[in-house]
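Subject: Structure for your review

Dear colleague,

I am handing over the structure below, and I would be grateful if you could look through it alongside these notes. The notes follow the order in which I would read them with the model open.

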Amino acid sequence: MTESGDPVTVDTHPNTPPMGEQVHDSAPTIRRVDSAAARTAERPASEGIAALAADNAVFELDELSCYYGAFRAVRDISLAIPQNQITAIIGPSGCGKSTLLRSFNRMNDLVDTARITGSIRYHGVDLYADGIDPVEVRRRIGMVFQKPNPFPKSIYDNVAFGPRVAGFRGDMDQLVESSLRRAALWDEVKDKLRSPGTALSGGQQQRLCIARAIAVEPDVILMDEPCSALDPIATLRIEELMRELKEKYTIVIVTHNMQQAARASDLTAFLTMGDDRAGYLVEMGATDEIFTRPQHQLTEDYITGRFG
Amino acid sequence: MDKAADPMDEHAGTRATFDRALDGVKDDVLRLGARVEHALEQAGLALVSRDTDLADQVRWDDAAVNELQQQINTEITTLIATQAPVGRDVRELLALYHASSELERMGDYAVNIAKLAQQLAGEPETPILKQIPQMERICREQLHAAMRALVDVSEADARGVAQRDDEIDHLYNSVYEDAMRLLSESPERARQTTHMLFAAHHLERLGDRVTNIGEDVVYLATGRVEDLNP
């Protein structure tokens, strides 16, 4: 991407219509980075990006570090997340997986002491540049959390909430139905749309949260251990759903469950923690490669459960 | 770093069961290799010494080879199903699974040679072509070396095993030429000559199976599938 010399524009991405057509009438425009030349000039091409950055990269991270106050939680991560793929982030507890994931949609902005160095480009746009509206960022880049967290409202309102807030004026019934269908939940809830979302089973609640994320027409869905509170059957349903969703969305998932990463993802990034307790990227590659012949001993040791 | 807080310790100890089971499978594959090596030696001996009882013993012993191979397959299948191995672990189990299948097949070749020994013993005595005991000895040495390479996960040793397969092929060609000559010079001994040619053929095939185990070792060591005997 950066080597081609072609400036990347938000408009080229089919899932992200130009800002003028967004549900947000007053949303500030996400500023495009001026030129590829400017971008390559301000940073050295790192190996990670050179290897993975294709024309279809949704995110490009360059030497990204995340801090909470003086503590560096994530150190110097350079990688690219390709479009319409499922990328899994794995690694031991405390290695900064969730912090990294949250940096993708500026969720860490909600933590006062959080800051980053380096850059994250989203379709070539610097996500942390001045003038970027974090609310708009989070609409385009949705998130599903570890514990299903439906609003204490009806199933219908859970899905309709986001579009309403965003000023959606189309056919809400239709939007709710299509969102629930895409989340593979419609058939189970179509007769009880007015029931509280919290009355659903854990797996259904998580799919409701996915429907809620989908309803605002995002481009990317971030998932932070979405199945850790679910039973195996509900877990497999979510994984199956992820495979369907990737046709339309880019998915990044943080998981503790290595078998889930192995089963459900196309690419896997392995993070571990250095002596400074900051998480760093050891290796990223095709999931089948990572799980059958990883390049780094640290990866091998982690996935096979050999430590120390 | 505080040991209790070390995140790398979160799975500490979880490998003990897996490692024990994997070691058990490896031991069984080594035992299988030793059995096949012994069967091959006995079959070769039966061939040159016209010992039909010894040949019978080889044929009987093959049941134990088959049984052990099936036991290994079950152990590996269970480990894959219950432990969901990845990385080198899954490569190792697949390499051991394939190696045990190859060993079982080599055991069958030893049985075939034992049968040929019995048939030859029923014919008027004829000198065994000298290349055949040579092939049998190299096959055994190669098998032994391949099992060592498997245990040591030595890519270099595995490649060495494959290289020596050329010696076996060369001897086989030589047997073939001698057999053709014998068939025209002594047509009355056509049966014995053909039996010997078949014995050499089985040994040549066995050598190729040994090379396959070498390929398993290369796969285990590197993750790459490579044809060592192109």
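A contact, as the word is used here, means heavy atoms within 4.5 Å. Among contacts in chain A between residues at least 6 apart in sequence, 70% join residues at least 24 apart, and for chain B the corresponding share is 82%.

Some conventions come before the rest. This is a predicted model, in which local features need a pLDDT of at least 70 and side-chain atom pairs count only at pLDDT 80 or more, while totals for chains, interfaces and linings use all residues. Residues are numbered from 1 along each chain as its sequence is written, chains are lettered from A and ligands numbered from 1 in the order in which they are written, and side-chain values use heavy atoms, with hydrogens and water left out.

Confidence and overall make-up

The pLDDT, which is the predictor's confidence in each residue on a scale from 0 to 100, averages 84 over chain A, where 81% of the residues score at least 70. Over residues 1-52 of chain A, however, the pLDDT is below 50, and this stretch has 95 contacts in the model beyond near neighbours in sequence.

Helices (H or I, at least four residues) and strands (E, at least two) are DSSP runs numbered from the N terminus. On that basis chain A contains 12 helices and 10 strands, whereas chain B has 6 helices and 0 strands, in the pattern α-α-α-α-α-α along its sequence. Burial is judged by relative accessible area, with buried meaning under 20%, exposed over 50% and partly exposed in between (1.4 Å probe, protein chains only). Of the 308 residues of chain A, 55% count as buried, and of the 230 residues of chain B, 50% do.

Chain B

The C-alpha atoms of chain B fill a box of roughly 85 × 35 × 20 Å, taken along the principal axes. Within the chain, helix α3 (residues 87-121) and helix α6 (residues 190-222) pack at an angle of about 170 degrees, with their axes 9 Å apart; axes here are lines fitted to C-alpha atoms, for helices over the stretch in contact, and angles run from 0 to 180 degrees between N-to-C directions. That angle makes α3(B) roughly antiparallel to α6(B), on a scale where angles under 35 degrees count as roughly parallel, over 145 as roughly antiparallel, 65 to 115 as roughly perpendicular and the rest as oblique. By class, the contact of α3(B) with α6(B) has 19 nonpolar, 8 polar and 8 charged residues, where Ala, Val, Leu, Ile, Met, Phe, Trp, Tyr, Cys and Pro count as nonpolar, Asp, Glu, Lys and Arg as charged, and the others, Gly among them, as polar.

In the loop between α4 (131-152) and α5 (155-185) of chain B sits B:Val153, which has a positive phi of about 50 degrees although it is not a glycine, and which counts as buried at 17% relative accessibility.

Chain A

Over all chains the structure holds 4 aromatic pairs, a pair being rings of Phe, Tyr and Trp (its six-membered ring) whose centres lie within 6.5 Å, with planes under 30 degrees apart counted as stacked, over 60 as edge-to-face and the rest as tilted. A:Phe270 and A:Tyr302 form a stacked pair, 5.0 Å centre to centre and with 25 degrees between the planes. Because A:Phe270 lies in strand β9 (residues 267-273) of chain A and A:Tyr302 in helix α12 (residues 297-303) of chain A, the pair ties together parts that are 32 residues apart in sequence. A:Phe270 is buried at a relative accessible area of 0%, and A:Tyr302 is buried at 1%. Ring pairs also link A:Phe59, A:Phe104 and A:Tyr122 into a cluster.

Helix α5 (residues 155-165) of chain A has several buried residues, among them A:Ile155, A:Tyr156 and A:Val159, and what covers the buried residues of α5(A) includes α6 (172-182), α7 (186-189) and α8 (202-215) of chain A. After α5(A) comes A:Gly167, whose phi is positive, near 85 degrees.

A:Arg106, in the loop between α3 (97-103) and β4 (114-122) of chain A, has a positive phi of about 60 degrees although it is not a glycine, and A:Arg106 is buried at 12% relative accessible area.
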